[in-house]
Amino acid sequence: MSQYNLRSRGPLKVEPEPGALTAAGKLKPPLGRGAATCPAVETASHGRESSSSLLSVGDGQLFVVLLTVRLLNAAVVQTAHVPDEYWQSVEVAHHMVFGYGYLTWEWQAGLRGFTYPLVFAALYKGLAVFRLDSVTLLVLLPRLLQGLFTALCDLYLFKVTRKLHGKGVAQWTLLCQILSWFMFYCGPRTLTNSMETVLTTAALYYYPWPQEASTTGSNKQVVMYLSLAALSCVVRPTAAIMWIPLCMLHLVNSGSKLRTITLHFIPVGLGALTWSAVIDRIFYGKWVLVQYNFLEFNVLSNMGSFYGSHPWHWYITQGFPVTMATQLIPFICGSVKFWRKQMLVLLVILWTVVVYSFLGHKEFRFIMPVVPLAMMSCGLWLHWLTPWLRVTTVVFLLVTNLPLALYTSLVHQRGTVDVMSFLSQEADRHGQDMSVLFLMPCHSTPFYSHVHHNINMRFLECPPDLERRPDYMDEADIFYQDPSAWLKNYYGPDVPLPTHLVMFNTLYLDIEDVLTEKQFSKCAEYFHTHITLERRIGNYVQVYCQQQAT
């Protein structure tokens, strides 16, 4: 690789080195600092590497560093983000291993696959075999395991960037990834989106990019990328949105399209579907094609909008800017400056965001797989800057991302997690005599995976109306119309209330009469958030206990 003096504004001297030759055997000319080119950016041929080995010696050492960072990251995360990080992963795994746990309506309708929960079920089974299944380990280890997967995502982002743009750009891209508040906040969470991001990034490393000498790739390379891409679709079927255009491009560039289809696409696709079908057959007890059910519900029928609908431009005006935060600045600068080098990556990002924009229900985590891709543009820009501007930019990214990452991971929305530790301790004391009613928006807290006692627990249900009745109201909506009346009707004179009631502090005045009549008193309170966007969610999570249960 040629060495460039970034501080000099004069002519650059290029020393010939092995590997700095073009295919024709001539030295590559030095790049100027003109508007169209950049001297600090290494070309793809400089950073080209073999995809045959999973980890080289240097990459192994880097992975140890990344693993340390992400394990610390996972340990720091003490807050809740969305219900799916519990209810679609560790809660299901707890049910698979210990025989009790709550399966939401999606599992009754066959919309979810057991492949991702199986990862944590294997972990839980190991703990159970060695009698180490304490609540502390059941809660912590899945996050640490996902932290390990996130470290692999970081490593493969470094490797694919090195393959496309050289080691220098890869280093700055990796730093941007580590500094990302959103990856810090979401990466270690047990979300299907987190695993989808890991698998997608790893698959992109093995993908036969057009910049490579061979755009078709070796058989092993193609099988690797297709297998990882297919597995990402098994974990989360909407991952296909990103992979459809990339696979089509691979097919167009392949020498023998029929051979690529028959020897690669079809066998890998059938293998992934077979794996998914067999795993789901074992745990559902019947044959279920969850990928079709998932896409039919969320995409074809757009029933996901039951849980909230957003305008078409939400990802452009809010979703993507928030996930990128201040990294949006180097992303835009890098994308504009190096749009030719980043054209395919930028088109993949744009395609993914646009397609997701057609769906009514939108969340920040849905576009998580494009965040590592966006970091490539940030890395290109940082690598191009002069040293002092580069340091200034890195410091700016650090001071703007780290406080946000720490606040969202340690402070914001932690009450619903902390309260489960209290309930677990209460279950140790009271055993089967204890029961819990969660008077909160549905799925506000984790469940049996964070209590690990087979006690009676109940929450307000909120399944969608599959019949699309215009006057449909779920149980949570009915309860919040008149909380006191609902409690009196549901728990009449002959039906005792559970021994523990969990709710947000904003509900207290609505049911104060019931609490007084039934002799409940506050036995625990936990801070939840400084920011509340709706009345149903308060700043504190409170637990009220019957006096004889305290």
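Which helix holds Thr416? The legends below take up this residue and other sites in a predicted model.

**Figure 1. Overview of the predicted protein.** The model is predicted. The protein has 21 helices and five strands. Its 550 residues include a buried share of 51%. Contacts between residues at least 6 apart in sequence were counted, and 74% of them join residues at least 24 apart.

Figure 2. Thr416 belongs to helix α18, which spans residues 415–430. Its relative accessibility is 2%, so Thr416 counts as buried. The cut-off for buried is under 20%. Neighbours within four places in sequence are left aside here. Beyond them, Thr416 touches Ala80, Met440, Ser444, Thr445, Pro446, Phe504, His528 and Val541.

**Figure 3. Helices α9 and α10 packed against each other.** Two packed helices are described by the angle between their axes and the distance between the axes. Helix α9 covers residues 219–235, and helix α10 covers residues 240–253. Their axes come within 10 Å. The crossing angle is roughly 155°. Angles over 145 degrees count as roughly antiparallel, and α9 and α10 are therefore roughly antiparallel to each other. The crossing of α9 and α10 is left-handed.

**Figure 4. Residues where α9 meets α10.** From α9 come Val222, Tyr225, Leu226, Ala229, Ser232 and Cys233. From α10 come Ala240, Trp243, Cys247 and His250. Of the residues in this contact of α9 with α10, eight are nonpolar and two are polar. None is charged.

**Figure 5. His361 in the loop between α15 and α16.** The loop that holds His361 runs between α15 (343–357) and α16 (370–384). Is His361 buried or exposed? With 15% relative accessibility, His361 counts as buried. Which side chain does the side chain of His361 make a polar contact with? The partner is the side chain of Glu363, at 2.7 Å.

Figure 6. Helix α4 spans residues 115–129 and contains Lys125. Lys125 has a relative accessible area of 48%, so this residue is partly exposed. Exposed would require over 50%. Met96 lies 29 residues from Lys125 along the chain. The C-alpha atoms of Lys125 and Met96 are separated by 9.1 Å.

Technical notes:
Residues numbered from 1 in each chain as written. Predicted model: local features only at pLDDT ≥ 70, side-chain atom pairs only at ≥ 80, totals over all residues. Heavy atoms only, no water. Helix = DSSP H or I, 4+ residues; strand = E, 2+ residues; numbered from the N terminus. Buried < 20%, exposed > 50% of the residue type's maximum accessible area, 1.4 Å probe, protein only. Contact = heavy atoms within 4.5 Å. Axes fitted to C-alpha atoms, helices over the stretch in contact; angles between N-to-C directions. Parallel < 35°, antiparallel > 145°, perpendicular 65-115°, else oblique. Left-handed = near helix turned anticlockwise from the far one by under 90°. Nonpolar A, V, L, I, M, F, W, Y, C, P; charged D, E, K, R; others polar. Polar contact = N/O pair within 3.5 Å; in protein donor to acceptor, adjacent residues only side chain to side chain.
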